[in-house]
Amino acid sequence: MTRDQNADQRGAKSEFNCINRRHFLLYGAGAVSTLALGSIFGSSSSFAGQAQFAQYPRKKIVGLSELKTDQPIEFLYPNDDPTYSKCLIVNIGERAGGGVGPAQNIVAFSGICTHMGGLLNKVYKPEHKAIGPCPSHLTTFDITRHGMVIAGHAVESLPQIVLEVEGNSIYATAVAGLIFGGPTNPGMMFR
Ligand code: FES
């Protein structure tokens, strides 16, 4: 069996687990809005149109041509408060859940661990396409699978930043998941 076939098999199992987990956690969080985002996530993803998102004003993050494979860029979203809004965007070099760009390989996530708020901005692991281990208690998140927990103490996936591409620009438009630090995401808007 080839490496790709193995990855597909693992992916099928992980996607099933991830979606069930996300539904439980995201619906439990309560204060998030539901959007149909098939055009963003692509019709092949069962995540599209089913998950819940906290919608925020659209913000330009970076140009497509500025992103180099496996070299994350940090940014603030959904607001400019570094306590809550540290994020990172990265071209992981392979297709990812929620990925944008021509190869659907660009993803963005909160840089704050969902366990107890550890900072994750310097712990991207290109060899595993993962963020972690968290410097505090070692949680690691799979960013090919919407930030699901691979190992460690956290029980919630890493919030994924919903992205759109327009021309050469990448925009953030929403947050999928609850950012660590409060009962709702900051400054939440509803649709
Ligand atoms: S704060 Fe990240 S694992 Fe505890």
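Of the 191 residues in the protein, 40% are buried, where buried means 20 or more other C-beta atoms within 10 Å of the residue's own, exposed means 12 or fewer, partly exposed lies in between, and C-beta atoms are placed from the backbone. This is a predicted model, in which local features need pLDDT of at least 70 and side-chain atom pairs count only at pLDDT 80 or more, while totals for chains, interfaces and linings use all residues. Residue numbers start from 1 along each chain as its sequence is written.

View 1. Helices (H or I, at least four residues) and strands (E, at least two) are DSSP runs, numbered from the N terminus. Along the sequence the pattern reads α-β-α-β-β-β-β-β-β-β-β-β-β. Taking contacts as C-beta atoms, placed from the backbone, within 7 Å, 47% of those with a separation of 6 or more join residues 24 or more positions apart.

**View 2. Where to be careful: residues 1-50, with pLDDT under 50.** Here pLDDT is the predictor's confidence in each residue, from 0 to 100. Its mean over the protein is 79, and 70% of the residues reach 70 or more. For residues 1-50, the model has 58 contacts beyond four places in sequence.

**View 3. Strand β4 and its partners β3 and β5.** Strand β4 spans residues 86-91, and five of its six residues are buried. Two strands pair if DSSP finds at least two bridges between them. Strand β3 (residues 73-76) runs antiparallel to β4, with four bridges joining them; look for I73 opposite I89 in β4. Strand β5 (residues 106-110) is also antiparallel to β4, through five bridges, and C87 stands opposite S110 in β5.

**View 4. The largest nonpolar core, with 41 residues.** A nonpolar core is a set of buried Ala, Val, Leu, Ile, Met, Phe, Trp, Tyr and Cys residues joined through C-beta atoms within 7 Å. Those with the most contacts inside this core are A108, F109, I131, I161 and V175. Strands that each supply at least two residues of the core include β2 (52-63), β4, β5 and β10 (160-166). The largest share, five residues, comes from β11. In soluble globular proteins, nonpolar side chains tend to be buried together.

**View 5. V175 and its contacts.** Leaving aside neighbours within four places in sequence, V175 is in contact with F53, A54, Y56, P78, P159, I161, V162 and N185.

**View 6. The hairpin of β10 and β11.** Seven bridges join these antiparallel strands. Q160 has A176 in β11 as its bridge partner. Two residues lie between the strands, and G167 in the turn has a positive phi of about 65°.

**View 7. An open sheet of four strands, ordered β6-β7-β8-β9.** The pairing is antiparallel, and the edge strands β6 (124-125) and β9 each pair on one side only. Two bridges join β7 to β8 (residues 140-142), where F141 is the bridge partner of I131.

**View 8. A151, a residue of strand β9.** Is A151 buried or partly exposed? A151 counts as partly exposed because it has 13 C-beta neighbours inside 10 Å. Not counting residues up to four places away in sequence, A151 touches T139 and T140. From A151 to P133, 18 residues apart in sequence, the C-alpha to C-alpha distance is 8.4 Å.

Terms used: Contact = placed C-beta atoms within 7 Å.
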